[in-house]
Amino acid sequence: MLNAHGGLQRWIHADTIRAQGSVGGRLWGLRGQEEVFRRVDIALDVQRQHLVFNGFTSPGLRGVFTPDRVAIEAQDGEVVVQRAAPREAFAGHGPGTPWDQLHALYFGGYAMWNYLTAPYLLTRPGVEVEEVEPWDEAGERRRRLRAVFPEDMATHSREQVFSYDDAGLLRRHDYAADVLGAPPAAHYTDAHTTASGLVFPTRRYVVPAKADGRSLPGPVLVTIDLTEIAVD
């Protein structure tokens, strides 16, 4: 699996992933943030949880994500607004609770960092991984990895499952996002591309899933379409 996505040594020596594209889907409108990620210009640190959305909410601003703090800043670093302990700000939320821009920044920041660093993030200290029973879908038998993440990593949920095709490429990612109330979700990936030796899906979509793992046809909660990816 690691070899199919560029090899462990190439990931170890990568510093920054840059990506451009768009993020859509029903989730953002339900939370009152329909346009917040319409266009994304991302730069993330491969070796630590740090991500920047350039042009976040305005061409002259950027959104900065870390697990312990999110902030909207001017390009010179002046802080416009910030929030410490951002995950705690989701306490008490229901399915229709509106978000502010910092809620969206935290959710989008940790999610995109996790997505773009997979499968390398599964090798991080404290992550426990085991192969579980395969899953038949779309006429294929896919091998699956169950991952349990440490408490100090910002991610959807402690337990997640990653499904791979015969070539070792990620095709599905299952989780239940805690900050959304932990509804089961199936996250599909395709249109893989290679950038500086690393392999990334460029198209993703997320739909609800049943407790038995079967996905529903809709609604499509999140879509991610990346048009440019580069690695430094």
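Modeller: The side chain of Arg 172 makes a polar contact with the side chain of Asp 174, at 2.7 Å. Please note that this is a predicted model.

Biologist: Is Arg 172 buried or exposed?

Modeller: The reading rests on a cut-off: a residue is buried when its relative accessible area is under 20%. Arg 172 has 2% relative accessibility, and therefore counts as buried.

Biologist: Which residues does Arg 172 touch, leaving aside those up to four places away in sequence?

Modeller: Among them are Trp 135, Glu 137, Val 161, Phe 162, His 187 and Tyr 188. Gly 213 and Ser 215 are also included.

Biologist: How does one look for pockets?

Modeller: Rolling a probe the size of a water molecule over the atoms shows where empty space is left. In this structure, the second largest pocket holds about 260 Å³ of space. Its lining has 17 residues, and those nearest its centre are Glu 159, Val 161, Asp 174, Tyr 175 and Gly 213.

Biologist: Which elements each supply at least two residues of the lining of the second largest pocket?

Modeller: They are β7 (128-137), β8 (140-148), β9 (159-164), β10 (170-176) and β11. By class, this lining has nine nonpolar, two polar and six charged residues.

Biologist: How much space lies in the largest pocket?

Modeller: The largest pocket has about 430 Å³ of space. It is lined by 28 residues, of which Leu 27, Leu 180, Pro 183, Leu 221 and Val 222 are the closest to its centre. Elements giving two or more residues to this lining include α2 (26-30), β2 (40-45) and β13 (222-231). The largest share, five residues, comes from α3. The lining divides into 25 nonpolar, two polar and one charged.

Biologist: Which residues touch the most other members of the largest nonpolar core?

Modeller: Within this core of 59 residues, they are Trp 28, Phe 37, Phe 53, Tyr 110, Met 112, Leu 122 and Phe 200. Helix α3 (residues 101-117) gives the most to the core, with eleven residues. Setting aside residues up to four places away in sequence, Met 112 touches Ile 42, Leu 44, Leu 51, Phe 53, Ile 224 and Leu 226.

Notes. Residues are numbered from 1 along each chain as its sequence is written. This is a predicted model: local features need pLDDT of at least 70, side-chain atom pairs count only at pLDDT 80 or more; totals for chains, interfaces and linings use all residues. Side-chain values use heavy atoms; hydrogens and water are left out. A nonpolar core is a set of buried Ala, Val, Leu, Ile, Met, Phe, Trp, Tyr and Cys residues joined through side-chain atoms within 4.5 Å. Buried means under 20% relative accessible area, exposed over 50%, partly exposed in between (1.4 Å probe, protein chains only). Helices (H or I, at least four residues) and strands (E, at least two) are DSSP runs, numbered from the N terminus. Contact means heavy atoms within 4.5 Å. On a 1 Å grid over the protein atoms alone, a cavity is a set of points where a 1.4 Å probe fits but cannot get out, and a pocket is an open set with protein on both sides within 12 Å along at least five of seven lines; lining residues have an atom within 4 Å of a point. Grid points are joined across faces, edges and corners, and a volume is the space filled by probe spheres set on the points. Ala, Val, Leu, Ile, Met, Phe, Trp, Tyr, Cys and Pro count as nonpolar, Asp, Glu, Lys and Arg as charged, and the others, Gly among them, as polar. A polar contact is a pair of N or O atoms within 3.5 Å; within protein, one must be able to donate a hydrogen and the other to accept it, and residues adjacent in sequence count only if both atoms are side-chain atoms.
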